[in-house]
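Good morning, and thank you for coming.

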Amino acid sequence: MAEEKKAQSAGVWTTVKPFVNGGASGMLATCVIQPIDMIKVRIQLGQGSAATVTKNMLREEGVGAFYKGLSAGLLRQATYTTARLGSFKMLTNKAIEANDGKPLPLYQKALCGLTAGAIGACFGSPADLALIRMQADATLPVAQRRNYTNAFHALYRIIADEGVLALWKGAGPTVVRAMALNMGMLASYDQSVEFCKDSLGLGEAATVLGASTVSGFFAAACSLPFDYVKTQIQKMQPDASGKYPYSGSLDCAVKTFKAGGPFKFYTGFPVYCVRIAPHVMVFTFLCPPYVVSQAQSVK
């Protein structure tokens, strides 16, 4: 009887572990990259270059401004990253079992990444909305500022002022962004780990560093256009007549393209790459299954 209970507990922990590790690693990584994320959002909102944004924030708002929205960022990781990395691990394990234990080809890893990204984004969209609004608040005229005090206050105010469904405002580009980011990051990371370990014979630390750099670049390249549209949609406010600047994600994309061309969507690309790379490194150190190839992670 005791053996059965012990086996059941071990089975439950094995199932839950990828979700716990994913959420914990994402929250720790957010504490590291929150200032970079803040600069990225300000750049996308037209506040200038990374150097200009940093200088203005330090002069006008102080060091604490770089951590505005941290509570929303942590809540986002507790929901989005927990669901994203946990479901990715479960999906890849199932796929490897169906593949008779053989390593997954790139397209199957990418498909698992796309699916996991969509699942995570559906859970994390409300916290992501709160995060963007808190980060963008200081860029608005004083009369238009929302003045959210923390993530839960933001969610409460959004529900009270705009309705429950408003929590998923911008959910479309958020889901697409997460799918693109996951496809670029998780698939390229796994592929890079296999190349660094098996072909180059690198050690664990060098493998993590190299694979994180490569996956950060591909994740940024795949997801930044959608991230740009998401930011514009989530921070927008109606004018005096109650009209929003964009009717939806497609309208935002079309107007952005007409105004600045395709490279407008890649505003802040270097900062975005720097933001993602340490995020990948932190969660891979806390989630060892992601450091080794999928073939090694499932026996």
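Helix α7 passes helix α8 in a right-handed crossing; a crossing is right-handed if the near helix is turned clockwise from the far one by less than a right angle, and left-handed if anticlockwise. Helices here are DSSP runs of H or I with at least four residues, numbered from the N terminus. The contact joins Tyr228, Val229, Gln232 and Ile233 of α7 to Ser249, Cys252, Ala253 and Thr256 of α8, where contact means heavy atoms within 4.5 Å. Five of these residues are nonpolar, three are polar and none is charged. In this scheme Ala, Val, Leu, Ile, Met, Phe, Trp, Tyr, Cys and Pro count as nonpolar, Asp, Glu, Lys and Arg as charged, and the others, Gly among them, as polar.

Residues are numbered from 1 along each chain as its sequence is written, and side-chain values use heavy atoms, leaving out hydrogens and water.

At what angle do α7 and α8 pack? The angle is about 115°, and the axes are 10 Å apart. Axes are lines fitted to C-alpha atoms, for helices over the stretch in contact, and angles run from 0 to 180 degrees between N-to-C directions. The two helices are therefore roughly perpendicular, a label for 65 to 115 degrees; under 35 is roughly parallel, over 145 roughly antiparallel, and the rest oblique.

Next, consider helix α3. With α5 it packs at about 85°, the axes being 7 Å apart. Ser71, Ala72 and Leu75 of α3 meet Ala151, Phe152 and Leu155 of α5; this contact has five nonpolar residues, one polar and no charged. With helix α4, α3 makes an angle of about 170°, with axes 8 Å apart, which makes the pair roughly antiparallel.

There are also 13 salt bridges, each a side-chain nitrogen of Lys or Arg within 4 Å of a carboxyl oxygen of Asp or Glu. In one of them, Asp227 pairs with Lys40, with the closest N and O atoms 2.8 Å apart. Asp227 belongs to α7 and Lys40 to helix α1, so this pair ties together parts 187 residues apart in sequence.

Finally, confidence. The mean pLDDT, the predictor's confidence in each residue from 0 to 100, is 82 for the protein. Over residues 288–299, however, pLDDT stays under 50. Where pLDDT is low, the predicted coordinates should not be read in detail.

Methods
This is a predicted model: local features need pLDDT of at least 70, side-chain atom pairs count only at pLDDT 80 or more; totals for chains, interfaces and linings use all residues.
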